[in-house]
Every structure is written in C-alpha cells, then in structure tokens.
Amino acid sequence: MKKYNIYNRFVKFDFYIDDGVDISIDALKNYLEPYIYIDDNCCETKESDLTIITLKESTEIVYKDKKVITKFTDNLSLKRLIIDLVNRIIEVNTGIFFHSSSVVFNDNSYIFIGDKGQGKTTTMLNLLSNQVTSYSSNERTALIKENDVLLSYGNPARINIRVNTLRQNKQLYDKLIPVLDLEKYNHLVKQDLSLDCSERVDISYNDIRKYLEVDVKPINKTAAIINLLYDPKYDFYLDEIDYEVIKPTLEKNIISGVYQDRLFLEQEIGNGIKPSIQILKDQNIKYYNLYKNNSIDCSKKLIKRLENE
C-alpha cells in the first residue's frame, strides 16, 4: 500500500492507495494543483485532519473515531471526493463558502456574488481577458480567518460560459477558440439566447490559464466582496456599502463547500456543523453593489476604480 500526503495551507490528509488499484496520481495532481497538492514526502510534522484509504472496491474515510465507506475508486470520483473533503474541513474550522467567482488584483482577492444571471462568470472572464488580474475561482470561494486576516480560497472547477458572454467579448472569444466546442457554440448562437443564461459552453481552469495567459492564485488576502446587480440604466456604477446593508445578500449566497451528491459528508465530518457569517464581522474588507448593464463590458472601469481604492 502506497502512502501520500494531500495538503494545502489549510488542511492535511494521509492518503493510502492499495496495491493494484488503478489510480493515476499524476492525473489527480494535474487537476487539483495549485489548489491541492499530493506527494509522498511532505508535511510529516503536521497532524493529519483525516485519512483516506482507497481499496479496489471502496474508499474509506477515517475522521477521528469514525469510518465512512464510499464507492469512490476511480480518478474522477476521487478527485471530487478530495475537493469536498478539503472544503468540509475548512468549514469545520469556521471557514465559509459563497456561490461566487473571484479574481486577484494587486495580490488581493475580489469576490463576485449575485443571483443567477447577474454576471459572476462574465465579469470574472472580462477581467481576466484584460490580463491585469489572476484567476482564483468560479462557482464557489471560501473565506477563512487566519491570524486575524481574512483569506480567500478558490476551488478547482470547470467554467461554464454563457454563449452571450463570448458573443459580446470578441477578445475573449478569439483567445478561447482553440478549446471551444464550436459546433455547440454556433448551434446556440443561432438560437439567439441573448437573455438566456441556461445554455453554456464549458472549459477547464487550466485552459483559462493557458489561453488567457493568466496566473492561477488560489489563496489570497480578501479585499472586497462585490454584489452584482443588473440595471439597464447603468453601464457601470460601483456603490460602496456597509456590512449590515449587504449582510442579507451575503447570507443568501452562502453555499455548502460539499457538492450536492456528496452532502452526506456534512454529517459524517463535523457532525453537521454549519458555517457562520460571523467571521466577516469587523473585518477590514470592503463591500460594494455593482450596478451594470450586462450587455456592456465594464471590466476596465472596474479595474480603474479598484486601483484608486
């Protein structure tokens, strides 16, 4: 049985793979890094949060005095399980996840929240296409308090892009052509989905890194949370607001760090502990409402404003 360490800044797991199990460590590394690392000689002095044991027909999770047996034994399911377990330990240690996208500008993280269709992914991609920001996350971002500093932690996930986002941003479209399913894209364009956010094409964050020529920075100091609001009257209007004003919106955008089909981990790891928004109170970060017309790329105006903050 081969032993590895799974780790990042916030967690460490012992990971055992039984002899004869067809698991590619290189494939897991390729997907998870730089968010989560796997190797066989790291962090021996740090106590493990839990142990993962992959056998031929099952994967066992040992957490404190509890053992959970799952059927996840292939690369894809193990990758997802590892992400969920990392996220769950972050939650147990008082971290909180938001349904969000996030970018890094001047070594600070800016997190975008908002209802479906408000432009979380579009805003993030438009900012990245200007090549002055780095990619952190799409879908969910964690906030973790460490030594009185609020850090953000992105999640590795494929990125679903609205067809209309690519139609409106030629620079973005031209850069992503090599990895687009053009047959699907052209089919969706013909359906004229200008106001629809349900039909999308998807790419990996590694493709974002390669073709947009941006860095991937998973862990950063949090500078601001920006709530996106569609308003046809504005091309761009960024309004700074107080924590108490945005608090109901923040609470509405809290999501589990564990994906839907593995929610049983919430009970098995940490006995159902739920994240609390209290870690945001009295933190030195800013909150904004960003009003914008979704047909306009406001990324350059946003960068200019953030430079002056």
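Author: A residue is called buried under 20% relative accessible area, exposed over 50%, and partly exposed in between (1.4 Å probe, protein chains only). The model discussed here is predicted: local features need pLDDT of at least 70, side-chain atom pairs count only at pLDDT 80 or more, and totals for chains, interfaces and linings use all residues. Residues are numbered from 1 along each chain as its sequence is written, and side-chain values use heavy atoms, leaving out hydrogens and water.

Reader: Why is N186 called partly exposed?

Author: The relative accessibility of N186 is 37%, a value between the 20% and 50% limits, so the residue is partly exposed. N186 belongs to helix α6 (residues 182-190), a helix being a DSSP run of H or I with at least four residues, a strand a run of E with at least two, both numbered from the N terminus.

Reader: Why does N169 count as buried?

Author: N169 has 7% relative accessibility, which is under 20%, so it is buried. N169 is located in the loop between α4 (163-168) and α5 (170-176).

Reader: Which residues does N169 touch?

Author: Leaving aside residues up to four places away in sequence, N169 touches N126, S129 and D297, with contact meaning heavy atoms within 4.5 Å.

Reader: What makes the buried residues of α1 line one face of the helix?

Author: I25, L28, Y31 and L32 are buried in α1 (residues 25-32). Down the axis of α1, the buried residues fall within an arc of 130 degrees, so they line one face; the arc is that of the directions from the helix axis to the C-beta atoms. The exposed residues D26 and N30 are on the face turned away from the buried side. The buried residues of α1 are covered by elements including β1 (2-7), β2 (12-17) and α2 (75-92).

Reader: How many cavities of 30 Å³ or more does the structure hold, and what lines the largest cavity?

Author: The structure holds 1 cavity of 30 Å³ or more. A cavity is a set of points, on a 1 Å grid over the protein atoms alone, where a 1.4 Å probe fits but cannot get out; lining residues have an atom within 4 Å of a point. The largest cavity has a volume of about 80 Å³, a volume being the space filled by probe spheres set on the points. Its lining includes R162, K292 and D297, and helix α3 (residues 120-129) gives the most to that lining, with 3 residues.

Definitions and conventions: On a 1 Å grid over the protein atoms alone, a cavity is a set of points where a 1.4 Å probe fits but cannot get out, and a pocket is an open set with protein on both sides within 12 Å along at least five of seven lines; lining residues have an atom within 4 Å of a point.
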